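Have a look at the view first, then follow the questions.

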Amino acid sequence: MVDMKSGTEASSNPEIDPMDMESNTPVKEAHSEAPKLSKPVLPFNYEVLPTQTSFRLLDLEANLSIDPHTELTCSLCTYELRDAPSFRALSYTWGPPYQNAMTGEIDDDPNIARHISCSALNIPITYNLFGALWTLREAKITGWLWVDALCINQEDLKERESQVSLMGQIYSSATEVIVWLGPPRFGLDDFVWATTEFLTALSTVGKKLQASGESPASLYKTSNLGDPSFHRTLGIEHPVPRLIRLAQFCASCRWFSRAWIIQEFLLARHVRAFSGHVELSLSRLGELAWILRSTGWGPMISQLIAQHNNLKRFHWLEEPLRWHAVTNTSRPRVEDIIRNGMADDETAFHWLWITLSLSRVAKCQDRRDHIYSILGLAGRCFVNNPITHYIKPSYNISLEDLLTLVAIRLSEHSRYIDVILSDVDSCSENAHLLKLPSWVPNYCSPSPAWQPLIGFGGGTAFDAALCLSFGRSERSLSMTTMTCSGAVFGTMQEVHKFKTAKTCGVRSLLEFCLSMPQEANGRRRLEIFWRTMIADTTSEGHRPAPPSSEKGFLAHTKVLFTQWVLESTDSDKEIDPDAAFEGLHSILDKLGFSDAPDEQLTMKDMRDHYERLKLKQSLHGDEQKVVAGEISNALKMSFSYAHAEGRISQGRELFITEQGFLGLGPSNVRKGDQVWLLRDSRVPFVLRPVAETSSFTLVGECYIHGFMHGEMLDDQWGLEDKIQPVNIV
């Protein structure tokens, strides 16, 4: 870790207790004593910018005094963007830089007046901005800076709108973007360790394995993270405590959730990030976040923190992953577009849709900036295309009207109607707070708990309406209604309500399927069930899932059910393990085991696993390790299927149509909802009739096994002749 002041390696801060999981205390900063005001704090009068491409730069003056507490001084000058001198741009959080990692409660700003002297006047600035500028001056990073709070007249609405449109060009013109995370914080030294020593160790050992002909994939098993032999192989200490503290640092740092960082990252020529005087690598953090997510280590860390603090969930990976995904998937595309100077309308709006989806987790003071923070980037990338022609920054439009306008423009320029409809989260607790048409996604709210089906296979996984065989159909949109073409395929007869398919819930789910016909499309009910729960897609993305996946499903069922039986008997519930196993086996048998002997779950299998779980509780030392190894083998057999199921079934509910077809839909589906095949949609959708009208509201996308690749249009269903205009409000 590099100290900006000295340029030398910085040691771990002694004020931070590396084992204190509860700490949220920032390290004391050198600028904690505010200089005395030598001039009155008066309103600063900004001169009107002469043209649409004019902007201001701040000249941060060096401290020539021996007094380290000399006040900050600067001057503001106006330039045409094309004639501006070399400058840096500052990326920071307007308010307090940190929040409580567990509760999300934002830290209070210290009750200390902060200011910067500009043209003989003291301009009030936030405590965090003061800390950033003070630290930059101490590190001798002075000269021309672009700082939005000072370089834009925030009281002039017209100027704000004009400068927001220009921000893409400003960030791409800056020699470098300086990221200010805030003063040193609990977990900072662990951030440095994880992005240097830990990540380097993984890379080094991976290369050695590859050179010897072995697969580096063996490094990334979920079980490795707590394995001492894995730590010795890497030559590192136990990583879990340090990764926990890294997670707390990331969760507490508010900069990661800023909406504006997308354009700041994509357009920056060079990025440098600092916490206090310590320079950090955000690109290596993004790389590490991707590894932690794909290996399951990150979710494991989240679960440990959640359990320790009695939380339902602990979020920390989503935000580093967001800008990592942007910089590694969008940046090459953006650079190619800028280089060639051209892109068709559909490409431009498809890019807008992807970027909006990535930014949903972001936060901003004005929620309209979820959209406007991307428009600056769009204006730079798609100069000759209609994104900024149709959607311009305006702070006079309501958030509801802005989101509806965005949905209309995306639909007008998209080949597929599901691009918009799959983004709608009708299950959100906050869905009622905005008065939006049901078909309009709220891109200012976090992404749904479930992953849209169209996201699998890069959008090529399903084609329920045979979109590739037909041209684009007619659709019309207003600020209230979407009119498209479609036909109803079935009505929901039964809906199973569950939160997660865990423990005893697995029996309830299987019992639900007993009301299905004995066979559907020539398949056993048990096979239809396990394929539906993973959308017939393996954890590696292969489809259809091979028949051998049934063994993984049965192993997963055994693990969940025996664990529930153990927990139930341990808590003095009146439950007979043998009777429980016999009951589950009977349900599985009725649903139809495979004829292959190794693809059946026997009573003995369940009893043996149950006894191992009990035995592990009473053993110690080497004996316990042997039993734990046998339990681990069972978990490994179930892992691939469990991972696939968790990805698909989370946030979804099982339903059965009146024809007896099994499907997965949004968690708020209910009896009487209808499954529709819509033209230009690769997946079916659930619509709900609006009482006393011919209109519908959108509930969300759904999966129906056996009908995801055009089968609904087979002659036996007669849907082709029933396609008609449908109004979604």
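**Reading buried charges and a helix**

Q: Is Asp 673 buried or exposed?

A: Asp 673 has a relative accessibility of 1% and therefore counts as buried (under 20% relative accessible area; exposed is over 50%, partly exposed in between, with a 1.4 Å probe and protein chains only). Bear in mind that this is a predicted model, in which local features need pLDDT of at least 70, side-chain atom pairs count only at pLDDT 80 or more, and totals for chains, interfaces and linings use all residues. Residues are numbered from 1 along each chain as its sequence is written, and side-chain values use heavy atoms, leaving out hydrogens and water.

Q: Which residue forms a salt bridge with Asp 673?

A: Side chains of opposite charge can pair when their charged atoms come close. Here the partner is Arg 688, with 2.8 Å between the closest N and O atoms (a salt bridge puts a side-chain nitrogen of Lys or Arg within 4 Å of a carboxyl oxygen of Asp or Glu). Arg 688 lies in strand β18 and Asp 673 in the loop between β16 (662-666) and β17, 15 residues apart. (Helices are DSSP runs of H or I with at least four residues, strands runs of E with at least two, numbered from the N terminus.) Arg 688 is buried as well, at 15% relative accessibility.

Q: How many salt bridges does the structure hold?

A: There are 28. One of them joins Asp 680 to Arg 475 at 3.1 Å, N to O. Asp 680 sits in the loop between β17 (674-678) and β18 (685-689), and Arg 475 in the loop between α15 (418-421) and β11 (476-477), so this pair ties together parts that are 205 residues apart in sequence. Both partners are buried: Asp 680 has a relative accessible area of 4% and Arg 475 one of 12%.

Q: Where in the chain are Glu 176 and Arg 272?

A: Their side chains meet in a salt bridge of 3.5 Å, N to O. Glu 176 belongs to strand β8 (residues 176-182) and Arg 272 to strand β9 (residues 271-275), 96 residues apart. Glu 176 is buried at 10% relative accessibility, whereas Arg 272 is partly exposed at 21%.

Q: Which residues are linked in a network of salt bridges?

A: Arg 523, Arg 524, Glu 527, Arg 531, Asp 536 and Glu 550 are.

Q: Which residues of α11 are buried?

A: An α-helix has 3.6 residues a turn, so residues three or four places apart point the same way. In α11, the buried residues are Ala 348, Phe 349, Trp 351, Leu 352, Trp 353, Thr 355 and Leu 356. The helix spans residues 345-358.

Key:
Expected span 1.5 Å × (residues − 1).
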